[in-house]
Structures are given as C-alpha cells and as structure tokens.
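This report covers charged side-chain pairs and the surroundings of a ligand. The sequence and structure come before the details.

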Amino acid sequence: SYRLHNNDKLTPITLNAITAASKLGGEVSCLVAGTDCAKVVEQISKVQGVKKVLVAQHDSYKGSLPEELTPLILATQKQFSFTHICAGASAFGKNLLPRVAAKLDVAPVSDIIEIKSPDTFVRTIYAGNALSTVKCNESVKVFTVRGTSFEAASTEGGNATSENVAPSSPTGISEWLEQSLTKSDRPELTSAKVVVSGGRGLKSGENFKLLYDLADKLNAAVGASRAAVDAGFVPNDMQVGQTGKIVAPELYIAVGISGAIQHLAGMKDSKTIVAINKDPEAPIFQVADYGLVADLFKAVPEMTEALSK
Ligand SMILES: Cc1cc2nc3c(=O)[nH]c(=O)nc-3n(C[C@H](O)[C@H](O)[C@H](O)COP(=O)(O)OP(=O)(O)OC[C@H]3O[C@@H](n4cnc5c(N)ncnc54)[C@H](O)[C@@H]3O)c2cc1C
C-alpha cells in the first residue's frame, strides 16, 4: 500500500494516512512525486511504519496535478502490485484517487474513519449521522483517509529505504500556472490544537477581528460556518463542516454559530467544545461541553482581555 505528499515539507495528513496504511498489516510504501523532493524523502524515511519510499522527480509534477500523477501511480502499481492505494482525504487526495480508481476500473472508498480488516472500512454517511461499514471486493483497494480519525505516525524512529522510479511521460492536458496561498501567522485550520470559529452571529467580516484577537491569545486557527462564508465575511478556505474542512482540535470555540448538522459534521469530534451563543435553545449547546449564553460582542472581548493578563 502507499500514498502521496508534495513539495519540501510533509503534509500533516500524510502521517495520519500512514497510520491507516499500517493498520492493513502489510508493508507500507510511500510515493513521493515532485520537482525537488530530497527533503521530503529524508523526512518520510524517518516516519515510523514506512518500509519503502518511491521517488519520482519531474517538472511535470509541479503543482501535483492529478492528470500528471495518475499515470505515475498506474505505472508504479503495475511494477509493485500493491494491495491498497491510499491518500489523505484532503483536497489533493480527493482530486487524485478517484481518477486513479477509475483508471484501475475499481470503486474507491472515500473518507474512511476506521479499518476493520484489510477489505472492510467504516465511513460516515448522512453528514455524519450514520456510519456505514463497507466491504470492498476490488482487486486493489483504493481509499482516502479522514485525517482526524487516525493518529499521526511518529516522525522519528523509522528507517525506510528509498528507490527511484521512472517518471511517467507528461500528459500535458493541464498545466499548473501558480498558486496564491493565504498568508497567515496562525496555525493551519485542520492541524491546529485550538480552533475559534465564527458564524452569522458575527454580522460582518470586520467583526471577525474579535475572533482573530482571541485566537492570537490562544495560538488558535480561525474557522467559520458556511453562513459566514456565504455572507462574504471570510474566505471559503475557513469553512468548517460537511462541505468544508473537518477538524478535531483539543479545543473548539464556536461563536455565534447555531450548530446546524452540516456544521457539526465538521467539528463534533473535537475534544472539548465551547459554544457562545445568545440563544439558549441553539442546537450547538447539545454538543458543547461548556456553553455560554451571552452576547458574543461582550463575551469575546472579555475573554481576550482575561487572557491578556
Ligand atoms: C448540503 C449542505 C451543506 C452544508 N455545509 C455546511 C458546512 O460545511 N458548514 C457549515 O457551517 N454549514 C453548512 N451548511 C449550512 C448549515 O445548514 C447552516 O445554514 C449554517 O451552518 C448556519 O451557519 P450559522 O450557524 O453561522 O448561522 P445561523 O444558523 O444563522 O446561526 C447564527 C447564530 O448566531 C447566534 N447569534 C446571533 N447574534 C449573536 C450575538 N450577538 N451573540 C451571540 N450569538 C449570536 C444566533 O443565536 C444563532 O444561533 C450546509 C447546508 C447544506 C444544505
């Protein structure tokens, strides 16, 4: 079994995917494809549970386009006959693995949260309201892994061998031009230990400053509900939920968020949930460990103030 990464730093979800792959019981190989990936190869070789690192370097892997990576995966599959192919259920993995599965003519299993046996997986359905256990009879099992459901593999103690594989010839059907990343000094949303999220109750994008100030005191990432995103308060890469990011931090603070099922689908596995809402009937209080019925415009600055002392 194996999975992917990119660039000069290992993506955190890779470590969760490696843990999932290790649970299958076989040897875990990782495929590293990129333009200049010596650093990643070094990092991943030390990850516990990884036996072999396959390395393919070519200019056409710039931007990790699924159109270019799929032929590479198919070629390595032909060479090594893996039993399973997996990746994190990130935008990258969700973009790539369905294409790979289609080319292999197998049905992929997406966003698994548990591995029962090498051919039986658990995944959520109905926005996380029900769990479905799926037995996969395909010759090669292709699946994506929900990062929050598997511990990160340790980045030390491993001792994998690495092997170069021939890069596939470029397909040239799409081209990577540029990416503009949101610059932020705050931690990344899906891997932050603390997340402060705001909803429609914030009333404007400017008012999110209240959350940024609080987040900076807690070294937290800032998220949002879809209503806040749809209203244009914040960009959509901040959205938490069924159609946004799935997070499971140590502490999740929901501010002015009602707690719709589609929002809960993205955060209900958080260790401790705090809700601040002026409506005591808001459904968010049903999942909250600590609930504060209060006006957020008063409560949030008070919290920030208290943390400043
Ligand atoms: C297919 C589908 C997918 C979806 N995906 C997502 C998703 O990924 N993520 C997501 O979040 N939603 C998603 N939604 C939308 C979801 O159903 C809700 O509409 C949305 O989560 C509501 O956002 P909200 O809680 O910010 O807004 P509201 O439901 O309007 O809640 C605002 C809350 O703020 C409180 N409030 C207002 N003023 C104050 C104040 N001064 N002080 C304290 N509290 C205050 C109110 O009491 C209220 O509870 C999806 C919906 C569908 C149909």
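## A pair within one helix

K298 and E302 both belong to helix α9 (residues 296–308), where they sit four residues apart, a separation of about one helical turn. Helices here are DSSP runs of H or I with at least four residues, strands are runs of E with at least two, and both are numbered from the N terminus. The two residues form a salt bridge, with 3.1 Å between the closest N and O atoms. The term salt bridge stands for a side-chain nitrogen of Lys or Arg within 4 Å of a carboxyl oxygen of Asp or Glu.

K298 is exposed, at 55% relative accessible area, while E302 is partly exposed, at 46%. Relative accessible area under 20% is called buried, over 50% exposed, and anything in between partly exposed (1.4 Å probe, protein chains only).

## Basis of the model

The model is predicted: local features need pLDDT of at least 70 and side-chain atom pairs pLDDT 80 or more, whereas totals for chains, interfaces and linings use all residues. Residues are numbered from 1 along each chain as its sequence is written, and side-chain values use heavy atoms, leaving out hydrogens and water.

## Other salt bridges

The salt bridge count is ten. Among them is the pair E250 and K271, with an N to O distance of 3.8 Å. E250 lies in the loop between α6 (226–230) and β11 (251–255), and K271 in the loop between α7 (261–264) and β12 (272–277), so this pair ties together parts 21 residues apart in sequence. E250 is partly exposed at 41%; K271 is exposed at 56%.

Another salt bridge joins the side chains of E114 and K116 at 3.5 Å, N to O. E114 is partly exposed, with 35% relative accessibility.

## The ligand shell

The ligand is surrounded by 26 residues, of which R200, S225, T243, S258 and N277 are the closest; a residue is near the ligand if one of its heavy atoms lies within 4 Å of it. By class, the shell has 13 polar, seven nonpolar and six charged residues. Nonpolar covers Ala, Val, Leu, Ile, Met, Phe, Trp, Tyr, Cys and Pro; charged covers Asp, Glu, Lys and Arg; the others, Gly among them, are polar.

A side-chain N or O atom of S225 is 2.5 Å from a ligand oxygen. A polar backbone atom of V240 is 2.8 Å from a ligand nitrogen, and a backbone N or O atom of G256 lies 3.0 Å from a ligand oxygen. Taken alone, the ligand exposes 1,000 Å², and the protein buries 77% of that (Shrake-Rupley method, 1.4 Å probe). Elements giving two or more residues to the shell are α6, α7 and α9.

Key
Polar contact = N/O pair within 3.5 Å; in protein donor to acceptor, adjacent residues only side chain to side chain.
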